[in-house]
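The exercises below are meant to be worked through with the sequence and the structure in view. Each task is followed by a solution that goes step by step.

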Amino acid sequence: MSDKEIFDSVSMFANTFSFLGLPISRDIDTADLVVMGIPYDLATTGRAGTRHGPQAVRRASANLRWEEKRWPWSFTATDRLNVIDYGDIEFNPGDCPDAESSIIDHVGRVHNKQKKTLCFGGDHFVTLPQLRAVHQNRGTVALVQFDAHTDTYEESSEYDHGGMFYAAPKENLIDPSHSIQIGIRTEYESDPDIRVIDAAKANDMACDDIVAAIKDRVGDMPIYLTFDIDCLDPAYAPGTGTPVVGGMSTDKVLKILRGLAGMNIVAADVVEVAPAYDHADITALAGATIGLEIMYLMASCED
């Protein structure tokens with residue numbers, strides 16, 4: 001029996017070690033998409049605990065394993081992509097420089113081989129070293145960001161989960177003129193070149209109009225998609241460090257994500273799941289589901 005057959009044959013609640021029961025492997029050469037956990041929350045400014053996010057998302061993903069073909073997609077993602085769960089990136093506890101260099105190293109190895117990554121955080125700081133790794137191997141990308149905060153604040157320290165997208169344009173990691181942020185509902189001084197669709201507007205707009213705005217903004221650039229779980233209203237994602245009311249629903253963000261099928265997403269992450277503040281795995285399940293939809297988005301380019 002093959003590894004795939006073993007994982008396909010188990011129940012939803014058995015052997016929930018990996019995301020969706022995917023094979024646990026570090027054989028990048030045979031993979032098209034590499035799932036990684038980044039258990040880092042040392043850049044958090046509010047409630048800590050997102051270091052446990054990758055574990056919670058993997059466990060919650062067991063609820064999604066029974067559906068071989070994800071509704072409403074017309075294909076099975078793993079028929080088009082060979083996906084592995086790489087496990088968690090390791091670093092010395094409490095050592096921010098080591099964590100940063102480890103993320104760049106591990107993510108960079110994948111993109112050096114022109115494979116794709118889907119990472120689960122961890123606080124949102126982890127996006128910055130991922131972008132640095134992607135840039136080293138793919139050049140400048142467009143940023144599509146779902147978030148309650150722009151994270152364009154001038155950093156109070158080198159390690160701050162609110163300043164990644166202040167630093168990223170300065171390092172030419174992202175092209176602001178092709179980047180867009182959706183769901184923002186806190187005070188900000190955004191890069192004037194990054195388009196913002198705040199939560200109030202997003203909640204009133206049709207999903208198709210938001211999808212059209214994203215496509216128009218990105219053009220034909222490769223995309224880094226980052227999803228901070230606090231983009232969702234706390235009713236849909238209570239387990240996060242910086243919850244902000246007035247957010248979007250899971251239904252709406254899933255419809256928007258599905259509208260991005262066919263776009264060139266080369267890397268993505270889902271961050272800020274803090275299970276200590278969660279109830280009935282609501283947030284972890286949302287994070288796992290969003291991750292699965294992103295996996296299908298990446299597979300949609302592999303006809």
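**Exercise 1. Which backbone oxygen lies 3.3 Å from a polar atom of the side chain of glutamine 145?**

Step 1. The backbone oxygen is that of threonine 150, at 3.3 Å from a polar atom of the glutamine 145 side chain; a polar contact is a pair of N or O atoms within 3.5 Å, where within protein one must be able to donate a hydrogen and the other to accept it, and residues adjacent in sequence count only if both atoms are side-chain atoms. This is a predicted model, in which local features need pLDDT of at least 70 and side-chain atom pairs count only at pLDDT 80 or more, while totals for chains, interfaces and linings use all residues. Residues are numbered from 1 along each chain as its sequence is written, and side-chain values use heavy atoms, with hydrogens and water left out.

Step 2. The side chain of glutamine 145 also makes a polar contact of 2.7 Å with the side chain of glutamine 181.

Step 3. Glutamine 145 is found in strand 4 (strands are DSSP runs of E, at least two residues, and helices runs of H or I, at least four, numbered from the N terminus). Because its relative accessibility is 0%, glutamine 145 counts as buried (under 20% relative accessible area, with exposed over 50% and partly exposed in between, for a 1.4 Å probe and protein chains only).

**Exercise 2. Which strand is joined to strand 4 by three bridges, and in what order do the strands of the sheet lie?**

Step 1. Strand 4 (residues 142-146) is joined by three bridges to strand 5 (residues 180-184), and the two run parallel; strands pair if DSSP finds at least two bridges between them.

Step 2. Within strand 5, isoleucine 182 is the bridge partner of phenylalanine 146.

Step 3. The open sheet has eight strands in the order 2-1-3-8-7-4-5-6, with parallel pairing. Strand 2 (83-88) and strand 6 (195-198) stand at the edges with a single partner strand each, so one side of each has no neighbour in the sheet.

**Exercise 3. How are the rings of tyrosine 40 and phenylalanine 125 arranged, tilted or edge-to-face?**

Step 1. Their centres are 5.8 Å apart and their planes stand at 40°, so the pair is tilted (rings of Phe, Tyr and Trp, the last by its six-membered ring, pair if their centres lie within 6.5 Å, with planes under 30 degrees apart stacked, over 60 edge-to-face and the rest tilted).

Step 2. Tyrosine 40 and phenylalanine 125 are both buried.
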